[in-house]
Amino acid sequence: MDARAHWQEEMQSAWLYRQLAKAEPERRVGELFTQLAAEAETQARQWWPEGDPASLQPEARAKLAAALARKVGPRRIKPLLVSLKVRGLSAYGMAPPGHAMPQSLDDVGRGHRQFGGGNLRAAVFGINDGLVSNASLILGMVGASASTSTVLTTGIAGLLAGAMSMAAGEFVSVRSQRELFEHQIALERDELEKYPEAEAEELALIYQARGVSLDEARAFAKRLVADPKHALDVLAREELGLNPDELGSPLGAALFSFGAFTVGALVPLVPFFLGRQLPSAAFVGAALAAVGLFATGAAMSLLSGRGPLLGGLRMLAIGGGAGLLTYFIGSLVGGGAG
């Protein structure tokens, strides 16, 4: 990015910060956004002193974010604000007394890690998607009075199509997210080289909003930013809420999603592979799928914090309902075709 583009970025940030400050119900966070707006304007002038604030035209997504913030509040649109490189979002997570700011880079990173990571979440949801979609597909074909060979062929086709679709979608999703994060981190790197003191001040303002005295926050932020090895990591984690160590691999995510979906989709096909014929193959496959649905529902409780029994029963009810509905639709279609 050239100097004018950096100016546009910082001035748009300042404009958005002021909109967020007006919409923010929490006084401490609103004050933080106001202070960050002033810092962004100062940084914009350092990039392009000749820039005219009256010429600023915020992008459509910035205007959308401001409108949504006024409607539902900034806290509820944090993912959109992250994509717009809005700093200070970590201030929403108030630390317990005595722990308002980290004491090391490891402490900073720990505050932005998610339990289990993306692979655990992808595994649980991938297996669940494979179970529900392929079991429902098979039951729909059974309801349409298809032969055993037709049901088996349809199930294998559903497995391959679904797994490849999941892998492609996961690749595009993770790649897009990674490109966004890399772009934001690159901008942060440019800003750190251009005005490290201003970056330290922004970091101090965030810690102040989390309950630290401004003098203490400034001293701590200057120590962090003074270390070139760690400064960019700290700013990415604390200002942007990103963890540079967990950007994820698009190819790895695609392969993981493909494998997880395949495992789930294979479960209702097991009786067919063992040589069973309809209707017993369908009954045994449905029973295996039900066990798998309960297990994945219980596993999801690790991510949601709910009880495993309730999570398992809920997922069983959802998957069972999808299977029954598909079976009846298949019966109607098959009966009409006959």
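The model is predicted: local features need pLDDT of at least 70, side-chain atom pairs count only at pLDDT 80 or more, and totals for chains, interfaces and linings use all residues. Residues are numbered from 1 along each chain as its sequence is written, and side-chain values use heavy atoms, leaving out hydrogens and water.

**Confidence**
- Mean pLDDT (the predictor's confidence in each residue, from 0 to 100) is 82 for the protein chain, and 85% of its residues reach 70 or more.
- Helices are DSSP runs (H or I, at least four residues), numbered from the N terminus.
- Residues 96-101 stay under 50, with 10 contacts beyond four places in sequence; contact means heavy atoms within 4.5 Å.
- Residues 109-117 also stay under 50, with 16 such contacts.
- Where pLDDT is low, the predicted coordinates should not be read in detail.

**Nonpolar cores**
- The largest nonpolar core has 26 residues, of which Phe33 and Val86 touch the most other members.
- Helices H1 (3-23), H2 (27-47), H3 (60-72), H4 (78-83) and H8 (196-209) each supply at least two residues of this core.
- H2 gives the largest share, six residues.
- Domain 1 (3-79) and domain 3 (181-239) both contribute, so this core lies between them; the domain bounds come from an automatic or database domain assignment.
- Another core, of 14 residues, lies apart from it and includes Leu192, Leu203, Val234 and Leu235.
- A core here is a set of buried Ala, Val, Leu, Ile, Met, Phe, Trp, Tyr and Cys residues joined through side-chain atoms within 4.5 Å.
- Buried means under 20% relative accessible area, exposed over 50%, and partly exposed in between (1.4 Å probe, protein chains only).

**Glu39**
- Glu39 is found in helix H2.
- Glu39 is buried but has no salt bridge; Arg218, the nearest side chain of opposite charge, is 6.7 Å away.
- Lys and Arg count as positive, Asp and Glu as negative; His and the chain ends are not counted.
- Beyond four places in sequence, Glu39 touches Ala198, Glu201, Glu202 and Leu205.

**Salt bridges**
- The structure holds six salt bridges, each a side-chain nitrogen of Lys or Arg within 4 Å of a carboxyl oxygen of Asp or Glu.
- Arg18 and Glu41 pair at 3.0 Å, N to O.
- Arg18 is in H1 and Glu41 in H2, so this pair ties together parts 23 residues apart in sequence.
- Glu201 and Arg218 also form a salt bridge, at 3.0 Å, N to O.
- Glu201 lies in H8 and Arg218 in H9 (residues 214-226), 17 residues apart.
- Glu201 is buried at 16% relative accessibility, whereas Arg218 is partly exposed at 31%.
- Glu26, Arg28 and Arg75 are linked in a network of salt bridges.
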